[in-house]
Amino acid sequence: MARPAKAGRGFPVWLGLAPFGLVLVVLFAVPVLSLLKLAFGEGGFTLVHFHRMIDVPVYRSVLGTTLGIAGLVTVLAVLASYPLAYVMATVGPRARSLLMLLVLLPFWTSALVRTTAWIILLQSNGVVNALLMGSGLTTTPTAFIYNLSGVLIGMTHVLMPFIVLPLYAAFSNLELSTVQAAESLGAGPITVFRRIILPLTAPGVVAGGMIVFMNAIGFYLTPALMGGPGQTMIAQMIASNINTELNWPFAAALATVLLVATVTMLALFQRFFGLERLIEGGGGKAGEPFTVTSRGRSPGGWAAIVAACLVGAFLIAPIIIVFPMSLGSSPFLAFPPDSYSLTWYENFFGTTKWVAALTRSLQIAGLVVAISVVLGTLAALGVARMRPRWRSTVETIFILPMIVPVIILAVGLYYLLAPTGLVGSIWGVTLGHVVLATPYVFITVRAALKSFDGNLEFAALGLGASWATMFRRVMLPSIAPGIAAGAVFAFITSFDDVIIALFLTNIRSRTLPKLMYEGVAHEIDPTIIAASCLIILVTVLVLGGNLLLTKRKTT
Amino acid sequence: MNISALGKAVSIQSLGKSYGSTRALDGVSLNIAAGEFCTLLGASGSGKTTLLKTIAGFETYETGQILVDGVDVGPMPVSKRNIGMVFQNYALFPHMSVRRNVAFGLEMRRLAAKEIENRVDEVLALVDLTAYAERLPRQLSGGQQQRVALARALVIRPDILLMDEPLGALDKNLRQSIQLELKRLHAAVGATVVYVTHDQEEALFLSDRIALMDKGRIVQASTPRGLYEKPANRFVASFLGECNFIPSDGQEIAIRPEKLRVGRDLPGCDKKLEGHVTAVNFIGRGFRVMLDHRGAELAAEVDASDEIAALRVGTPVAFGFRSTDAMDIASI
Amino acid sequence: MKKLIVAATALTLLAPGIVTAKELVFSSWGGAYQEAIRKAWIQPFTKESGIKVEEDTGPETAKIKAMVDTKSVTWDVVTAGGGGLMRGVRQGLFEKITPEMVNTDHVIPGARNDYGVASEIFSTLVGFSTKAFPASGAQPKSFADFWDVAKFPGKRTLPDKPETVVEAALLADGVPMADIYKTLSTEAGLKRSLDKIRALKPQVAVWWASGAQPVQALGSGEVVMALGWNGRFQAGIESKLPIAMAWDQQIPQVGFFMIPKGAPNKAEAVAFLNYIAKPENNARLSEYVAYGPTSEKALAGIPAARMETLPSTPDRLKNALFLDIEWWADNGAKVTEAYTAMLKE
């Protein structure tokens, strides 16, 4: 939409871009580049590390595997998200909130616990195989894990919410009359989906797909634990080169190539399918949103419901078995447990270190959410007001933290912050997390601003409101869901991070994930499962309470 | 014009539908002849849109049946009914050009590409949008979008053309010019049209028949003239145009404002009465004079004249009408 | 509570790494291992010397390097296996330990190093499911048995890193212990080892990345045999999992304690290292975790029943091939690449 260039509307572009831009330069560009430049040689300039990458075939093949798996996961996540988003858009508000809870719960479970639960479910004599063989569908155990399917299951499980939410938003913007028009012209359910629903919900998919793809590239815990050697991903290699081999120049070379490959793909993608190309509606009075009429659901709709139920079961399965697992008494995990006890819960509450770590993680996450929401919203506002020419470049820059392997950022930040003494204090970790979390807020608020009607802004300003007042009373309520979504992602990014915590904390400032990973090289302390269960319970209570409150408000 | 698809007759029999405890359609029966332009007229909540949607198949009903050309369409899915529908918000496919929008229905019917191209060109010429064929909906004005919606519905040669308040979003001049076009198209194409509107002027202008609805029932169905000159009851009389109800011997005489004469000279009027002027307004085609007659407020529309122009508020004045012009309605 | 945090933060901000005199900071890998160290060494050491020991975790070599480079070392004693030690030594991260500082004469020759004090010995060996191979029938004894899928059918699990695996493969193929590293240093020798592993690949259900995995896999029945760490197997046995170990062949590795260069409390660190090196103290760790002592003299203090579970008894050491950490420091990168490539095929 064309806007008057400088209509004195009270929000200068620099105000939006500068805060996060500054953070990126100081806390991201400097540490990351200082490490990446090692790729070109520690003493003088050399390309020997890049040569090694090219000459030794295993690295090319790992890079290919990484991109391939990330792509597959994105496709799977999209396929699984469609039925769920469709159902969410066409059921009543309470069912919808329940589904939303279902979609978000996997988020709140630590990656380590989730993967452990999946392994227990999918191993040779795990629950799934027992069901399959017991019902006679198979005669020998199927290998679901320690191979490609294991990685795909694990990664899709955790990354789906990033697509479901924007896709659901796209569905809510779909108008019922558009679908009915197609039907009246003779389109059957499949044609309606293929030619109307799919193209019109595509922008939602694109936004979420980008996040999923870039996240997937950096995964290494899930592939390490649930995949086989054929699924080694590049983040594992980068991490091992940094941590164990101490071959930083080579790790930097790997990371540089990864970065270049991803940024190029991102730039191409932005150009053709980018956030710019959200399709606007076709005029006339606004119609009814997409919903189910008294006619009931088409067979396609029922098929979608069945699919959505399967997807829902997929999402919730590991979360459910985590509860009985936490009540097992043996330090070796099994489902169902042979004997029950509350040992691990006692351990959690009894040992101060657990509760302290949980408190610490919550504090940090709280700070991170507060800061990144401000930075991200400002950035989104700034970008929205930019001239179109530079917009996608700035957008790409603002989401770079999502695609740089976290360990590189962690090491770089250590070198940067050690002299300042912030390492070991709550602020070192917080700053590191802010860099990681803000891009999520930026993306969600940016999307929310897109659907904000600019005329409302003009109307308010025309009536005499200052820009700040207009923002507070008109714009903010409208983009609040986008901010909330971003805040959720930011919280989780901070709450679940291990690597930055590993480098930027010490024993006094230990976070929960760091505690969970202690000793994991040797054993898995079931106390972490108890911890996860508690977190899930609290989340369900908080969100459930919110649900009940909102219901009362609308009646 | 080559697009001659004579529409089919529609027979609605005792249709009933409830939304929870509300009766959305309460025993609705209506016969629409083939090629007829039938308007469903009523206020919001009267059930007119619900009735249209049940004919289209977007809503279910509990009792009664709908026959198209003698065939019960109840069990038929929407996509098989060969109806053309124009929605209130046009519902153009935003990601397709005008041409692709119009061609959609033909593609669903699996016509050959050449045939599709010909028919699309033909109908675009009919609605005068040939120059805009490659544009996207968001690049068109409201009136243009409306015409695309119409073209898209017509090109498939529908048995019935259903239109749900299609002109509601347009300004008055545009609305009138499109109304003219609609009439012209209907004459040329001969489709059966079921048209929903709350605007009674529009209904009077466009329709062969009008079914006036209220609270899920058809109050009266007749030709525009029939409804206007012989309203079945007070509700109908007030809905279509204005109506005066003059108290007289415990009864009320219903008479249209344009049938009242005001002034000293009341040619042809066998009924003469007295009243006071409460307002005099020039409305272009004449004057609108508001009178008070024994406490009842009456409106009269009369030709312009110096005498009328000179009337002042409060002036006692004589008025009258022809008793044959009084409408005989049952008072409810 | 909030004030406490603010105060603590302020203190940390103002005085990074400052520790009052007669204190040292010890960093290891947490979990049961660190708990064993705490009970066996740290607590008695503090009682005896009066030096307070603060514990931290996560001594990633990269973090140690970062600390040393930025002169912000907060750890006085760190632990690592031979690999971590060598990589750190090559980058100059650790203080040299002279005989005057710590006497290591009595330490098993394979476990001595200039830059670290050997703390314990843990072994890679064959663990197997007693459900699949009960005592009534044939039970696996050697690495050759691990590779013998005809005599001992079923799925196996191996590490996803080459250390100990390439040696075990050659031992299973009949190469004498003394020639293993010589053979591996040749192209043909390495190829022979990788081919042997490749031949086993179809029978491998999972390539493990963390020490807990092989035990979980054995316990759950996912595999019937595993190449893993004796300490973890022992923990599984003590948790009533149906597991047993084959002690006939093993590849022991040494755990080391080191002092990062520039550690703030070097004197206290040296005192601690001296403490754990003493045979009578060293032996105590074996009470808590099934890792063997680093000197023969220590064996005297360990009860016989416990000795059954340890790798460094004289008998068992006869068939033990100590991991050559210098060789791995020189050849590790190349061998890992070849191993990863072979796995990925």
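Modeller: Helices (H or I, at least four residues) and strands (E, at least two) are DSSP runs, numbered from the N terminus. The model is predicted: local features need pLDDT of at least 70 and side-chain atom pairs count only at pLDDT 80 or more, while totals for chains, interfaces and linings use all residues. Residues are numbered from 1 along each chain as its sequence is written, chains are lettered from A and ligands numbered from 1 in the order in which they are written, and side-chain values use heavy atoms, leaving out hydrogens and water.

Biologist: Where is Thr420(A) found?

Modeller: Thr420(A) sits in the loop between helix H18 (406-417) and helix H19 (426-450) of chain A.

Biologist: Which backbone atoms lie by the side chain of Thr420(A)?

Modeller: A polar contact is a pair of N or O atoms within 3.5 Å; within protein, one must be able to donate a hydrogen and the other to accept it, and residues adjacent in sequence count only if both atoms are side-chain atoms. Here, a polar atom of the Thr420(A) side chain lies 2.5 Å from the backbone oxygen of Leu417(A) and one lies 3.2 Å from the backbone nitrogen of Leu422(A).

Biologist: Why does Thr420(A) count as partly exposed?

Modeller: Buried means under 20% relative accessible area, exposed over 50%, and partly exposed in between (1.4 Å probe, protein chains only). Thr420(A) counts as partly exposed because its relative accessibility is 44%.

Biologist: How many bridges join strand S15 (residues 287-293) of chain B to S16(B)?

Modeller: Two strands pair if DSSP finds at least two bridges between them. Seven join S15(B) to S16(B), and the strands run antiparallel, with Val289(B) opposite Ala300(B).
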